[in-house]
Amino acid sequence: MAAESVWSGRTAGPGRPHIAVVGGGISGLAAAWFLRDALGDDAEITVFEQRDEVGGHLRVSEVAGLPVDEGAESLLARRPEAVELARAVGLGEDIVHPAPVSAGVWSRDAIHPMPTGTVMGVPSDPSSLAGLLAEDEVRAAADRDRSGADGSTPMPLHDDVSIGHLVAGRLGRAVVDRLVEPLLGGVYAGHADELSLDATVPALGSAAREHPTLTAAVRSLQQAPTGPSAPAFAGLAGGIGRLPAAVAQASGAKIRTGVVVRELERSGGIWRLVTGPVPAPEVIEADAVILAVPSSSAARLLGDVCDAAAMELAAIETASMAVVTLAMPAESFPEPASSSGFLVPPIDGRTIKAVTYSSVKWPWLGESAGDLVLLRASIGRHRDAEQLQRSDDELVDAVLGDLGTAVGMTGRPIDARVTRWGGGLPQFAVGHLGRMARVRDAVSRLPGLAVCGAIYDGVGIAACVAAARQAAVRITTAQAPADPAGGHARIEP
């Protein structure tokens, strides 16, 4: 075996700490930016990314010559973290909002308007679900909400539960199958009966503990100050996939792509990251490390240094999915596409789980699309690998078939793109928040180590940015003065 090479990572002389960020998705890049914002030039920051480019699940590529996101295409604007980061890295003038168009639900062979007055599909008034639900299902929802499934008063909610079981018990199975399930599936590609209430819809979990019925809990969340409401979502002209590169550049970090960190060690108060091929490893030394990688990678890296956290992370399951993007001639539609898209309940057995008419939803894209309709269809759910084993051409044909049935779309696309995200969405099972608290507690016992990413506080970009800031704060507030004798500066808790 060849001798290992050792790189300290420092380029600015003794006493300057080197902080390594493992993972070049938006979480890792945001962590690097927060580190730089706090430390200025007083630290060397390196981001290690195993792919050939940074960005993780956020990237843009062209379809029919137009830039269209391959992953997430919007930011949750009602949480400030992601929008504020976009502004901070110079993208403020490019922040846009979706067109004020409605969405729908393709259920029982018809597309119904998305009911208003719901929180993740849970209604403030079951009568608002009329049309999407049958009359007897709406009536049953109202009756069960008042008295529970067996006619008794619903038991108070204490511990975490699956959102599906809670809603089915209080409002009936139809509400879960026709509304909660497709909404959750669009975000997590998971199953409502397995996903944690407190991890996926924490505000509803809190409100459900304070009110006797779920509808009362939803009404309490909808009591907002008077005045115009701010848009719930935001995007970037040119695509959300522009954000990672802008954050990377603004962070001033050294970006090393195509580098797999295989092992993490701690020796003599220094972190050692083992990279490179096994016969000729490269060892990078760092004073502090932030792990911004998926749960399986984090579990592997923590196995030798924090077994308790590694075991918790290894237990997290993930879902794979694909996004099929089509550029269709406008005349392919018998009626002009005028909504933002529609969700699809899995109970109906369709291939697609959601469709977004991106060129309708985002005016900047529609202006460039001309007589084309750019749309994205998502496929795949937790433990539903069979759908994704088909070829790209077969997935495109499946989407065309479903859209033909749903809206009468005909013809072939001008261009198509299939993006596959293997294991891309962590599943927030019941008890997830407690699991993540145990992970962070175990990690906090190790000097100069922090974690962040979609597995901790939520899969949305804003939640990832918030977790990245928390990780950076842990590292920067723990920094001790540089060792005047030289050598590595110590970053201790």
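This is a predicted model: local features need pLDDT of at least 70, side-chain atom pairs count only at pLDDT 80 or more; totals for chains, interfaces and linings use all residues.
Me: Which strand does β8 join in the parallel sense, and by how many bridges?

Reply: Strands β8 and β19 run parallel and are joined by 3 bridges. Within this pairing, G104 has F342 of β19 as its bridge partner.

Me: In what sense do β8 and strand β9 (residues 110-113) pair?

Reply: These two strands pair in the antiparallel sense, over 4 bridges. Together β8 and β9 form a hairpin with 2 residues between them. In the turn, R108 has a positive phi of about 55 degrees.

Me: How should I describe a pair of aromatic rings?

Reply: Such a pair is described by the distance of the centres and the angle of the planes. An angle over 60 degrees counts as edge-to-face. The count for this structure comes to 5 aromatic pairs. In one of them, the ring centres of W33 and F34 are 5.3 Å apart and the planes stand at 80 degrees, so this pair is edge-to-face.

Me: Are W33 and F34 buried or exposed?

Reply: W33 counts as buried, at 14% relative accessibility. F34 is buried too, with a relative accessible area of 14%.

Me: What geometry do F333 and Y357 show?

Reply: F333 and Y357 form an edge-to-face pair, with 6.0 Å from centre to centre and 85 degrees between the planes. F333 lies in the loop between β18 (318-329) and β19 (341-343), whereas Y357 belongs to strand β20 (residues 352-357); the pair therefore ties together parts that are 24 residues apart in sequence. Both residues are buried. They also belong to one aromatic cluster, formed by W106, F333, F342 and Y357.

Me: What is a disulfide, and how many does a search of the whole structure find?

Reply: A disulfide is a covalent bond between the sulfur atoms of two cysteines. The search finds 0 disulfides here. For C452, the nearest cysteine sulfur is that of C464, 8.2 Å away. For C464, in turn, the nearest is that of C452.

Me: Are C452 and C464 buried or exposed?

Reply: C452 counts as buried, at 0% relative accessibility. C464 also counts as buried, at 6%.

How values were computed: Residues are numbered from 1 along each chain as its sequence is written. Side-chain values use heavy atoms; hydrogens and water are left out. Rings of Phe, Tyr and Trp (its six-membered ring) pair if their centres lie within 6.5 Å; planes under 30 degrees apart count as stacked, over 60 as edge-to-face and the rest as tilted. Buried means under 20% relative accessible area, exposed over 50%, partly exposed in between (1.4 Å probe, protein chains only). A disulfide is a pair of cysteine sulfur atoms within 2.5 Å. Two strands pair if DSSP finds at least two bridges between them.
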